[in-house]
Amino acid sequence: MASLYQQTQIANLILRTSDGAFVPVDQSNADYQQVMGWQAQGNTIAPAPTVPNPTTISNSACMARFTTAELTAWETYVLTHSTTNPNIVLGATVGGATWAWSWTVLTGPQVTLTDSATVTAHAALVSAGILTAARSTAILTP
């Protein structure tokens, strides 16, 4: 029998397999309280799926996966928050009136979608409310 819940590659999120919803690991969250109750009954959360071989795409192809609204939200967050999270702040730089994007995880013009640094950067964007978990997953899907 399949597990009702599964770990994900995104930190602090659990997948509810019955409806595909992501449940944040947060003691005050009602859905997470259900997960804990389910576990207390002796059930086990399934492990995260195995990450496939890294898939590398160009930086521009990666950025094209973001909507304009998501890029604007990222820019707005950086400009309005005093955050020291390098995955958010150093992931983007402001140059005059133009917004120039670059990931801290880039080693050049390529982005490896399944690389742990890329996944960590996306988790930071989800935690900051810049992306939803579902959109992060969609962007990182090869």
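**Close-up views of a predicted model**

**Figure 1. The start of helix 1.** At the start of helix 1, Asn29 places a side-chain oxygen within 2.7 Å of the backbone nitrogen of Asp31. The structure shown here and in the other views is a predicted model. Helix 1 covers residues 30-40. At the other end, helix 1 is followed by Gly42, and the phi of Gly42 is positive, near 95°.

**Figure 2. The two faces of helix 1.** Three residues of helix 1, Tyr32, Val35 and Trp38, are buried. Seen down the helix axis, the buried residues fall within an arc of 115°, so they line one face of helix 1. The face turned away from this buried side carries Ala30 and Ala40, which are exposed. The buried residues pack against three strands: strand 1 (5-7), strand 2 (13-16) and strand 3 (21-24).

Figure 3. Arg16 is a residue of strand 2. Is Arg16 buried or exposed? The relative accessible area of Arg16 is 14%, and a residue counts as buried when this value is under 20%, so Arg16 is buried. Leaving aside residues up to four places away in sequence, Arg16 touches Leu4, Tyr5, Ala21, Val23, Asp31 and Gln34.

**Figure 4. Helix 5 packed with helix 6.** Helix 5 is made of residues 116-127 and helix 6 of residues 133-140. The two helices pack at an angle of about 155°, and their axes are 9 Å apart. Angles over 145 degrees count as roughly antiparallel, and helix 5 and helix 6 are therefore roughly antiparallel to each other. The crossing of helix 5 past helix 6 is right-handed.

**Figure 5. Residues between helix 5 and helix 6.** Which residues of helix 5 meet helix 6? From helix 5 come Thr118, Val119, His122 and Val126. They meet Ala133, Ser136, Ile139 and Leu140 of helix 6.

**Figure 6. The whole chain, for orientation.** The chain contains 6 helices and 7 strands. Along the sequence, these elements follow the pattern β-β-β-α-β-α-α-α-β-β-β-α-α. The chain has 142 residues, of which 35% count as buried. Contacts between residues at least 6 apart in sequence can also be sorted by separation: 52% of them join residues at least 24 apart.

Methods. Residues are numbered from 1 along each chain as its sequence is written. This is a predicted model: local features need pLDDT of at least 70, side-chain atom pairs count only at pLDDT 80 or more; totals for chains, interfaces and linings use all residues. Side-chain values use heavy atoms; hydrogens and water are left out. Buried means under 20% relative accessible area, exposed over 50%, partly exposed in between (1.4 Å probe, protein chains only). Helices (H or I, at least four residues) and strands (E, at least two) are DSSP runs, numbered from the N terminus. The arc is that of the directions from the helix axis to the C-beta atoms. Contact means heavy atoms within 4.5 Å. A polar contact is a pair of N or O atoms within 3.5 Å; within protein, one must be able to donate a hydrogen and the other to accept it, and residues adjacent in sequence count only if both atoms are side-chain atoms. Axes are lines fitted to C-alpha atoms, for helices over the stretch in contact, and angles run from 0 to 180 degrees between N-to-C directions. Angles under 35 degrees count as roughly parallel, over 145 as roughly antiparallel, 65 to 115 as roughly perpendicular and the rest as oblique. A crossing is left-handed if the near helix is turned anticlockwise from the far one by less than a right angle, and right-handed if clockwise.
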